Amino acid sequence: MAATPQRPATPRRKVSRHRGEGQWAVGHFTPLNGNEQFKKDDDGLNVRTRIETIYSKRGFDSIDPNDLRGRMRWWGLYTQRKPGIDGGKTAILEPEELDDKYFMLRVRIDGGRLTTQQLRVIGEISQEFARGTADITDRQNIQLHWIRIEDVPEIWNRLEAVGLSTTEACGDTPRVIIGSPVAGIAEDEIIDGTPAIDEIHSRYIGSKEFSNLPRKFKTAISGSPLLDVAHEINDVAFVGVEHPEHGPGFDLWVGGGLSTNPKIGVRLGTWVPLDEVPDVWAGVIGIFRDYGYRRLRTRARLKFLVADWGAEKFRQVLEDEYLKRKLTDGPAPADPVERWRDHVGVHRQQDGRYYVGFAPRVGRVDGATLTKIAELAEAHGSGRVRTTVEQKMIVLDVAEEQVEPLVEALEALDLTAKPSSFRRGTMACTGIEYCKLAIVETKARGSALIDELERRIPDFDEPITININGCPNACARIQVADIGLKGQLVLDDQGQQVEGYQVHLGGALGLQAGFGRKVRGLKVTSEELPDYVERVLKRFQAEREDGERFATWAARASEEALS
């Protein structure tokens with residue numbers, strides 16, 4: 001009788017105890033990755049003392065690695081990319097191989113509000129310490145490059161002497177609070193959110209109450225009916241609305257964000273009066289601090305918690321555990337009536353004076369230009385300027401008779417208040433020039449693209465957004481642009497690996513907010529980019545229905561039309 005064959009032994013499955021998501025609120029305080037460990041070892045805010053007393057005196061090589069690539073971000077400092085390292089090396093080299101011995105320094109500008117004195121100081125710092133560099137970001141900050149650690153204390157002294165800082169401009173912290181750049185002055189404003197921005201900043205920025213978050217936390221507050229702060233893609237946003245019983249206040253949104261897992265924020269269905277915004281903000285960020293996922297950095301943004309909980313549970317926890325009271329139900333914001341929301345051009349203020357919005361090229365300026373803008377504003381009767389979330393600037397409080405002289409003076413600096421749709425609608429992130437995460441060039445590419453499109457399609461006057469990003473992280477909001485360009489290495493006609501972009505088409509914020517469409521296999525080289533964009537825009541012009549927006553057309557167009 002044949003022996004019964006023996007079944008092979010089933011390998012014993014290794015049972016690993018699940019360590020949870022690192023949520024403090026459920027008792028998971030043990031750090032589960034290196035970032036959580038260095039934050040537990042020492043609060044990021046404490047690094048300032050070491051910068052001032054040790055690193056600035058002993059130089060770059062004296063900086064502890066956990067400070068260099070971690071805690072120094074709490075004070076707006078990132079190491080910048082070493083020159084000459086191509087995009088193919090970005091994901092291959094170790095951090096210390098990518099690091100230059102210079103820093104990007106981000107100046108925090110809450111609400112985009114600057115006096116001309118403050119702008120002049122930033123311009124002077126740029127010229128003296130940053131080789132003249134300056135970029136306006138899409139979160140209303142100004143970034144400088146080529147900063148030496150030895151100069152940082154003096155830069156802080158000069159900024160703080162005029163009421164500016166770099167406190168929590170980066171890091172796992174409450175980043176800059178973006179706000180309507182025309183808050184308190186626009187004729188059509190629903191409510192001025194400035195007092196709430198100031199109160200949040202005064203109470204919480206630089207406080208250790210919220211200086212150890214799972215990841216960065218982005219805030220937007222605006223009472224403009226133009227919905228001018230990209231509220232749908234912030235961790236928390238307060239959007240101006242008119243309640244039928246209670247009057248003007250804010251609609252509360254949570255859980256928006258882009259990067260490699262983009263999500264549109266969700267409404268909690270509440271109406272928040274102006275004086276309660278700081279407390280509600282503290283409740284939302286408190287939930288993030290306590291319940292946010294700290295195990296994996298890729299899931300550590302608030303959007304993942306909101307996606308798992310849903311709006312109803314999030315609101316319940318906010319009310320029951322943090323505010324200890326119920327919130328008032330409220331209406332959603334109305335759709336904006338304007339297609340452009342950047343405040344570029346000449347506009348009348350509440351007080352009868354005017355503000356003038358103008359467009360630098362893809363946010364790139366320089367220290368001398370910033371100083372000149374301050375001088376021009378003052379020469380035409382203004383002491384206040386603003387930055388916008390579209391990498392633009394605004395001069396406030398201009399008397400009617402000074403408007404045209406100011407517009408002409410700005411034009412002479414290549415800062416036009418009457419830009420083409422391409423100049424007005426093109427944004428770009430920092431790119432490979434300075435960023436260690438980038439794969440391709442962005443700023444120069446964006447500027448050259450503007451010139452080419454103005455030359456090739458001079459009659460194009462539809463609102464169009466073209467957002468260029470150097471990597472997948474979406475700092476330039478590629479998924480919500482009409483044409484979003486995500487930098488990557490692609491193959492050209494000869495099979496050579498070159499800089500190029502994956503294309504997203506038809507994203508939008510405000511009206512019908514949503515993410516762009518990706519056409520299968522659609523990638524363009526940097527060299528082909530002007531040809532591609534020209535081709536798609538001409539097809540849009542030929543095929544669009546009367547009054548149709550690019551995003552709507554792109555959603556229905558054939559893949560052939562978009563290729």
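Helices (H or I, at least four residues) and strands (E, at least two) are DSSP runs, numbered from the N terminus. The model is predicted: local features need pLDDT of at least 70, side-chain atom pairs count only at pLDDT 80 or more, and totals for chains, interfaces and linings use all residues. Residues are numbered from 1 along each chain as its sequence is written, and side-chain values use heavy atoms, with hydrogens and water left out.

**Exercise 1. Overall build**

Task: State how many helices and strands the protein has, and compare its radius of gyration with that of a compact globule.

Solution. 
- Step 1. The protein holds 17 helices and 21 strands.
- Step 2. The radius of gyration is taken over C-alpha atoms, and the globule rule is 2.2 Å times the number of residues to the power 0.38.
- Step 3. For 563 residues, a compact globule would have a value near 24 Å; the protein has 24 Å, which agrees.
- Step 4. The C-alpha trace spans about 105 × 60 × 55 Å along the principal axes.

**Exercise 2. Helix α6 and its partners**

Task: Find how α6 is oriented towards α2 and towards α5.

Solution. 
- Step 1. Axes are lines fitted to C-alpha atoms, for helices over the stretch in contact; angles run from 0 to 180 degrees between N-to-C directions.
- Step 2. Angles under 35 degrees count as roughly parallel, over 145 as roughly antiparallel, 65 to 115 as roughly perpendicular and the rest as oblique.
- Step 3. Take α2 (residues 47–58) and α6 (residues 152–161): the angle is about 135° and the axes are 9 Å apart. The two are therefore oblique to each other.
- Step 4. Contact means heavy atoms within 4.5 Å. On the α2 side stand R48, I51, E52 and S56; on the α6 side, V152, P153, W156 and E160.
- Step 5. Ala, Val, Leu, Ile, Met, Phe, Trp, Tyr, Cys and Pro count as nonpolar, Asp, Glu, Lys and Arg as charged, and the others, Gly among them, as polar.
- Step 6. Now take α5 (residues 116–129): α5 and α6 pack at about 165°, with axes 10 Å apart. These two are therefore roughly antiparallel.
- Step 7. V121, I122, I125, E128 and F129 of α5 touch E154, I155, R158 and L159 of α6. By class, that contact has 6 nonpolar, no polar and 3 charged residues.

**Exercise 3. The sheet with β6 and β11**

Task: Give the strand order of the sheet that holds β6 and β11, and explain why one side of each of these strands has no neighbour in the sheet.

Solution. 
- Step 1. Two strands pair if DSSP finds at least two bridges between them.
- Step 2. The sheet is open, has 6 strands and runs β6-β7-β8-β9-β10-β11, with mixed pairing.
- Step 3. β6 (174–179) and β11 (328–329) are at the edges with a single partner strand each, so one side of each lacks a neighbour in the sheet.
- Step 4. Look inside the sheet: β8 (residues 236–243) and β9 (residues 247–254) run antiparallel, joined by 8 bridges. V241 has G249 of β9 as its bridge partner.
- Step 5. Helix α10 (residues 311–323) packs on this sheet and touches β9, β10 (266–272) and β11. Its direction makes about 40° with that of β10.

**Exercise 4. The sheet with β1 and β14**

Solution. 
- Step 1. This open sheet has 5 strands with antiparallel pairing.
- Step 2. β4 (residues 133–136) and β5 (residues 142–147) are antiparallel over 2 bridges. Here I136 stands opposite I142.
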